[in-house]
Amino acid sequence: MQIREIPVTNPHGLHARACARIVELASRFRCNVSLIVAGRRASARSIVAVMLLAAAMGSTVRIEADGPDEQAAMTALVQLFDRELTQH
Amino acid sequence: MNVSFALHGIGVSGGIAIGRAQLVSHAMLEVAHYTISGKQVAEEIARFESAVHEVQLELETLHTAMTSGDVPGEFGAFLDVHWMILNDPTLSEAPKKIIAEQRCNAEWALTQQMGLLVEQFDQIEDPYLRERKADVFQVGERVLKRLMGRPGALRAAAAEEQTILVAHDLSPADVIQFKHHHFAAFLTDLGGVTSHTAIVARSLNVPAVVATHNARALIRDGEMLIVDGNHHVVIVNPDRAVLAEYRLKQNEFELARQKLKRLRTKPAQTIDGIHVALNANIELPEDLEQALENGAMGIGLFRSEFLYLNREGLPSEDEQFEAYRRVAEGMEGRPVNIRTFDLGADKHKEGLEGLARVAPNPALGLRAVRFSLAEPRLFLTQLRAILRASHYGKVRILVPMLMSASEIDQTLAMLARAKESLREQGLPFDPHVPVGGMIEIPAAVLAMGAFLRKLDFLSVGTNDLIQYTLAVDRADDTVSHLYDPLHPAVLKLLSLAIGGAHKANVPIAVCGEMAGELAMTRLLLGLGLRDFSMHPAHLLNVKQRVLQSDLRQVMPVIDRMKRADDPVRLIGLLEKLNT
């Protein structure tokens with residue numbers, strides 16, 4: 001299993017469009033991806049669940065990827081977070 | 001036979017409309033609950049699935065239409081989010097389980113599931129993220145409407161039949177979308193004179209009555225309505241005699257409107273020969289046409305913030321430049337005052353970082369020029385866009401909500417930077433573009449010296465000036481009766497501002513609601529105002545009033561009004577002024 005923790009520095013936190021991108025990306029891989037914020041866990045395949053995590057600016061998102069292509073999934077997700085969610 | 005009754009509200013846009021009600025509803029309020037037999041479960045689930053599928057197609061069709069048409073940018077991304085929410089198991093799968101477990105109808109199952117989700121969203125602390133429940137809600141509602149046999153899209157009104165929109169409340173985004181449907185009138189439970197419904201209804205020149213409290217609950221879809229915006233009244237299911245009477249009134253009103261049109265090219269001048277400038281307030285470049293039709297001499301106020309609505313990202317410099325240039329060119333050398341963004345308070349905009357949080361007291365918070373100065377990149381982009389447009393017409397910059405000399409200095413410094421960067425790139429602009437300030441805060445009037453020294457012109461925004469002077473939010477209908485343009489303090493401030501500007505030889509205008517109110521025309525003339533800017537729909541009415549006014553008769557009454565401090569007496573004097 002791959003695990004990474006990423007701080008949310010975007011002032012809007014995980015906003016709707018960001019959630020959409022995460023879910024869209026996570027759905028491309030075969031492994032299970034979970035996001036954990038403040039002890040609450042959501043499947044990265046459900047946009048509503050990810051939105052309900054309510055990861056605001058200043059919180060930390062823990063990404064867990066578990067399955068055959070977990071390495072690739074994690075790399076892609078970390079890139080997405082870097083590109084879309086750590087600034088603006 | 002349906003019972004006839006009347007509803008009262010606030011008429012925020014004049015005129016009479018007769019037509020059928022079209023309710024814009026939150027479908028959840030009307031969902032029926034019934035149980036089904038075990039045998040029907042499979043059928044009910046299939047019905048749910050096909051509703052979801054239909055909405056899927058609906059969203060895909062919308063998406064295609066949006067990406068091909070001239071729709072504000074990034075609307076597509078918004079639809080993508082909706083599409084994903086629709087296909088999320090919490091919305092597309094969970095209700096099926098509820099149908100099977102509780103043996104209930106699909107509508108009820110979906111409503112329960114949505115209630116559950118909304119409840120979870122409500123527990124989110126961050127207000128911005130919490131508001132995302134609106135997306136889930138809207139998607140759920142689309143499915144619900146499909147299930148109930150009422151697709152979400154507004155049906156087009158039959159050509160021969162007028163349609164009147166009845167809603168609980170309309171958001172700015174709703175309202176902009178409704179601009180393209182041809183509603184004969186608007187009716188809402190909430191809202192006030194300055195609500196978005198009111199502003200858009202006036203711009204479309206259709207009657208509107210707001211703050212009816214429960215119109216949405218009392219009126220049924222398709223019922224015949226008479227909306228009388230002049231008299232703040234709505235008549236539901238009128239009988240034949242009433243209908244005939246109103247058709248007559250409607251014709252008379254239309255006739256008077258036609259008569260006014262002849263004043264279009266006539267100069268606005270009082271009986272005793274005083275010239276008055278009558279300019280238009282506009283929100284979109286498309287409003288220009290209406291301004292010209294009504295004989296506007298210039299654009300006294302171009303509210304730029306509407307560039308921000310109905311989109312997710314920020315408008316680029318080029319996009320802004322195009323919008324500003326269109327107006328500057330369209331006015332063919334007549335002045336166009338482009339107001340820098342007045343974002344904040346009621347014009348909450350997602351996608352702007354500084355506004356993401358909900359301020360504890362938005363009217364007193366980070367808005368207008370304060371916001372612009374706090375977001376220098378955004379401000380610079382806008383200033384550059386305005387400057388570039390100044391090459392194509394007589395553009396002037398108007399800065400909202402200035403309060404202190406240092407804000408003026410900072411703004412001018414930003415402008416100098418914008419000019420410098422354009423020079424470096426060799427882009428053309430008018431180097432002498434005048435800069436004006438809005439007078440909206442009592443402090444600005446009471447310490448006007450800096451404004452008069454540093455700025456080229458002033459414009460009084462009476463809506464905010466009154467709100468801040470009296471500490472009354474006019475959109476809050478529990479206190480809106482306290483909102484009083486005739487309050488002695490307001491009159492004193494207006495008189496100080498206009499008098500002070502004249503003495504210093506700085507042009508001053510009024511661009512708030514008051515400038516377009518017929519009852520106030522002579523009062524403002526008497527206070528010395530010679531430059532009015534108002535919604536285009538009011539221009540000809542006010543011109544007619546100016547043509548019928550004689551300052552020699554107005555002034556003695558004004559002198560008495562300036563000394564009066566009894567509200568009843570002030571109302572009496574105003575009536576005297578208008579007879």
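Two residues are in contact if their C-beta atoms, placed from the backbone, lie within 7 Å. By that criterion, and leaving aside neighbours within four places in sequence, B:Ile386 is in contact with B:Tyr324, B:Ile338, B:Val395 and B:Ile397. The structure is a predicted model.

**Nonpolar cores**

- The largest nonpolar core comprises 84 residues. B:Ile386 and B:Tyr324 are among the residues with the most contacts inside it, together with B:Ile299, B:Ala497, B:Val510, B:Leu524 and B:Phe532.
- Helix α15(B) provides the largest share of this core, namely six residues.
- Another core, of 59 residues, lies apart from the largest one. Its members include A:Val23 and A:Val61 from chain A, as well as B:Leu59 and B:Ile85 from chain B.

**The helix pair α13 and α15 of chain B**

- Helix α13 (residues 317-330) packs against helix α15 (residues 376-389), both of chain B, at an angle of about 35°. Their axes are 8 Å apart, and the crossing is right-handed.
- From α13(B), the contact is made by B:Glu317, B:Gln320, B:Phe321, B:Tyr324, B:Arg325 and B:Ala328.
- From α15(B), the contributors are B:Thr381, B:Gln382, B:Arg384, B:Ala385, B:Ile386, B:Arg388 and B:Ala389.
- By class, this contact has six nonpolar, three polar and four charged residues.

**The eight-stranded sheet of chain B**

- Eight strands of chain B form an open sheet with mixed pairing, in the order β1-β8-β7-β3-β4-β5-β6-β2.
- Strands β1 (5-8) and β2 (10-13) stand at the edges; each has a single partner strand, so one side of each is left without a neighbour in the sheet.
- On average, and with direction ignored, neighbouring strands of the sheet are turned by 30° against each other.
- Strands β4 (residues 163-167) and β5 (residues 183-188) run parallel and are joined by five bridges. Within this pair, B:Phe183 is the bridge partner of B:Thr163.
- Helix α11 (residues 240-261) of chain B lies across β3 (16-24), β7 (224-228) and β8 (233-236), and runs at about 110° to β3(B).

**Strand β7 and its partners**

- Which part of β7(B) is buried? Four of its five residues are, so the strand is largely enclosed by the rest of the structure.
- Five bridges link β7(B) to β3(B) in an antiparallel arrangement, and B:Asp228 is the bridge partner of B:Ile16.
- With β8(B), strand β7(B) also runs antiparallel, here through four bridges. B:Ile226 stands opposite B:Ile235 of β8(B).
- The hairpin of β7(B) and β8(B) has four residues between the strands, and B:His232 takes a positive phi near 60° there.

**Contact between chains A and B**

- In the contact between the two chains, 15 residues of chain A meet 22 residues of chain B.
- On the side of chain A that touches chain B, α1 (16-26) and α2 (47-52) each supply at least two residues. The largest share, five residues, comes from α2(A).
- This side of chain A divides into eleven nonpolar residues, three polar and one charged.

**B:Asn463 in helix α19**

- B:Asn463 lies in helix α19 (residues 462-470) of chain B. It counts as partly exposed because it has 18 C-beta neighbours inside 10 Å.
- B:Arg474 is eleven residues from B:Asn463 in sequence, and their C-alpha atoms are 8.7 Å apart in space.

Notes:
Residues numbered from 1 in each chain as written. Chains lettered and ligands numbered in written order. Predicted model: local features only at pLDDT ≥ 70, side-chain atom pairs only at ≥ 80, totals over all residues. Buried ≥ 20, exposed ≤ 12 C-beta atoms within 10 Å, placed from the backbone. Axes fitted to C-alpha atoms, helices over the stretch in contact; angles between N-to-C directions. Left-handed = near helix turned anticlockwise from the far one by under 90°. Nonpolar A, V, L, I, M, F, W, Y, C, P; charged D, E, K, R; others polar. Pairing = 2+ DSSP bridges. Core = buried A, V, L, I, M, F, W, Y, C linked by C-beta atoms within 7 Å.
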